Amino acid sequence: MTKQCRIWWPKHLSSTEPSSSYTFLFGWFVSCASASLDIVVAFTCDESSFSGCQYSLKEILCDTNRSMSITLQDKSMFSLLGQCAACPSDNDQLFGIGVGDNDKKKYSTCHIACALNSEGMLRKRNRRYYCGCHKLDGLLEKHRQAATGSNHWIEMAYDPYEIHGRNIHCIPKLHHIHWNGRLVSQCDVHVILYETPTYGARHFSLSCWNSFKKVKIPLKEPKWIDELHQKQPLNDLDAVILAMNSATASKMVFERHVGSSRPFTKFSIICMLIALGLVWQLLAVSMASLSTIFYIFLQFLHSLLGFGSQSWIYTTSKRLFNTAWINIQIRCGQILFWPILLQDNDSRSQSCVEYAEKAALRKHSMWSSLAVDLLLGNLIGFSLLFNAESVCLWVSDFANDTTNELLRTGCVWLMGVPAGFKLNTELAGVLGMISLNAIQIWSTLWFFVDSLLVYLVKGLAILGILFGMTVPAALVRDMILVVTLHVSTLHWMISLLYSQQIQALAALWRLFRGRKCNPLRQRLDSYEYTVKQHIVGSLLFTPLLLLLPTTSVFYLFFTMMNTSISLICMLIEVIISIIHATPYIKIVLWLVRRRRFPAGIWFEIVTCHSNSVNSPEIVSLDKIISPSKNSLHQENITGRSHVLVSILQSNFFTIGQIVIPHYRKVFTRVSRSYFARSAYGVLTGKRISSTLGTKLPSTMPWMFIPYKEYWCLCRNSILACMLECDCHLFQ
């Protein structure tokens, strides 16, 4: 079976010419099958970097591996992969992009001359083994011998003078691999050029849109599915993607041990950070002071409400203004806990760019939602504050028009001949007078509240400025329910009368049919009624049926009024939930840099061709030198080996794919049969709920710590963000 090797090569290494004759390759060997191997190259390093190092290579590799995520450590170990020479030997598995036959012949001649010249030098210095591996010095040589004996070791080469287009100056060429102690010189090679993931710029991910959906599995799976699961996969893309996302972190840990640095770049960044340091300190102190003042104010309100928590006024107001109370708790928890959530650092996020991106989005989602909510609250709050009298006048006119033109006129209309229906005059008069008296009583109470409406509007404006838009919106929703309590009461009373009348008519109709309801078995059983029961049923059924149109008309009128109020409350509830659930930080980052939201990978093919083992253009160094081959197991694969070069690309999420899952969570508690149950409830006289049950953020427990400690916590959390920015700038 032909062995397959995939080499994941950083694209920036092919965009620049090599700085030395040969470099060391560091990264991961990922293997899931005996005939397949993935080699993820994280970075390269020359031998001069180890000259002033105080640590041994084994200590550096072990420490770098410990800094990686546990998942990556379980699948592969960070190690020295092999070498890559600047001038290839003739035994290399050569391939060129866009090279014709004449160019290949010229290149082959130059290639042979270069190989002979190099081999002559190596004979003199005795710096190369028979397989083509360079002989190293000291501990590096011991590490190479251990790797070639039992593990993996790769020898590569590239020509720095070849220009292949697409900003690619050189592509690595496989010379040979020591594959579990066996020398493999011919295999199918797939070189994949990838851009090194960096925080805030790009990373790779295999997650796709709708991947979180649960797939309905049939009761009995076919046999081919079990066989497919039992098959060993040829590659582990999850481990490969995780290794590529950890390449930058491994390079930073390695450079910290080796001591290599970029003084000019770091010096320029340090100068910039020093210039911004004073501004950042002032920002941290001002934000901490403002948050502490707000913290003291919240603690005072909490202690003030604690004294009257057992009174009936507190209990009743909490029940009436339940939505506003929940949103106040959510907002107070977010204001109290924002420094803790902002300072929460995930240790594994330092080892992988993908983890760092997810941790940053999770950490900044709360304060971004809080900031947008406060911004909207300030816009609406100041607008209400400066136009309070106009708003009060509009609300008073709307309330008077609704009461006089809609409720009173509607009740008087129903007491007559509505739409030509002949109703029962006595019953319509009783229901109409009860409705008019309730409306008049509520209008009298509204006359006294009207004088306090200006202060109420200003209070809503202040709440919006201090707590954001969601708190006054929730309070408006609860106030609508309180103000329209007379409509809800009348609807409840008439719906009770209507439902009892419908149930009585249904029971009497079963009596005429000779049926009896069996509640234990949930069915209708046959039953023989007496003549007296039929007579009494007929006497009851006739007036109930004749009075049903009068009751239905009043019930329909107040159901329409109550449903309109419920829809307004539901709309406000949905707006509040959407404000809480919208991922503002994700939307902003997607607009600024879309590459931070990858959704799967694909390969852009650059070239693909086959190389023959006995090709006349390829001259092997093994034919020039003839040492003994007893101590070396060599595996040559007859036929042709395939060489494929591609560039790793990413798909990206659209704005809808980012936002829709968050909105879908808002309506997880809303049943799909809600509208069907509501329609059935309207027909049977049941009350319609004024809430959808949308999902809100969870409330947090109350926190009380000393004021000075809270101030230090706020300041340190902002400074921690500055240090985090510094770390990412040094990448």
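In this predicted model, the largest nonpolar core comprises 37 residues, of which Trp8, Phe26, Trp28, Val40, Tyr194, Met244 and Leu648 touch the most other members; a nonpolar core is a set of buried Ala, Val, Leu, Ile, Met, Phe, Trp, Tyr and Cys residues joined through side-chain atoms within 4.5 Å. Two or more residues of this core come from each of β2 (22-33), β3 (36-45), α2 (57-66), β4 (78-85), β5 (152-157), β8, α7 and α8 (247-258), and α7 gives the most, with six residues. A second, separate core of 27 residues includes Ile39, Cys84, Trp179 and Ile647. Residues are numbered from 1 along each chain as its sequence is written, and side-chain values use heavy atoms, with hydrogens and water left out. Local features need pLDDT of at least 70 and side-chain atom pairs count only at pLDDT 80 or more, whereas totals for chains, interfaces and linings use all residues.

The protein has 23 helices and 13 strands, which are DSSP runs numbered from the N terminus (helices H or I, at least four residues; strands E, at least two). Of its 731 residues, 43% count as buried, where buried means under 20% relative accessible area, exposed over 50% and partly exposed in between (1.4 Å probe, protein chains only). Helix α7 (residues 237-245) is mostly covered, with seven of its nine residues buried, namely Ala239, Val240, Ile241, Leu242, Ala243, Met244 and Asn245.

In strand β8 (residues 188-194), seven of the seven residues are buried. In a regular strand the side chains alternate between the two faces of the sheet. Asp188, His190, Ile192 and Tyr194 point one way from β8, while Val189, Val191 and Leu193 point the other way. Strand β1 (residues 4-10) runs parallel to β8 and is joined to β8 by seven bridges, two strands being paired if DSSP finds at least two bridges between them; Cys5 stands opposite Val189 in β8.

The second largest pocket has a volume of about 1600 Å³, this volume being the space filled by probe spheres set on grid points joined across faces, edges and corners. A pocket is an open set of points on a 1 Å grid over the protein atoms alone, where a 1.4 Å probe fits, with protein on both sides within 12 Å along at least five of seven lines, and lining residues have an atom within 4 Å of a point. Of the 48 residues that line the second largest pocket, Val395, Val476, Met479, Ile480 and Val483 are the closest to its centre. Helix α13 gives the most to this lining, with twelve residues.
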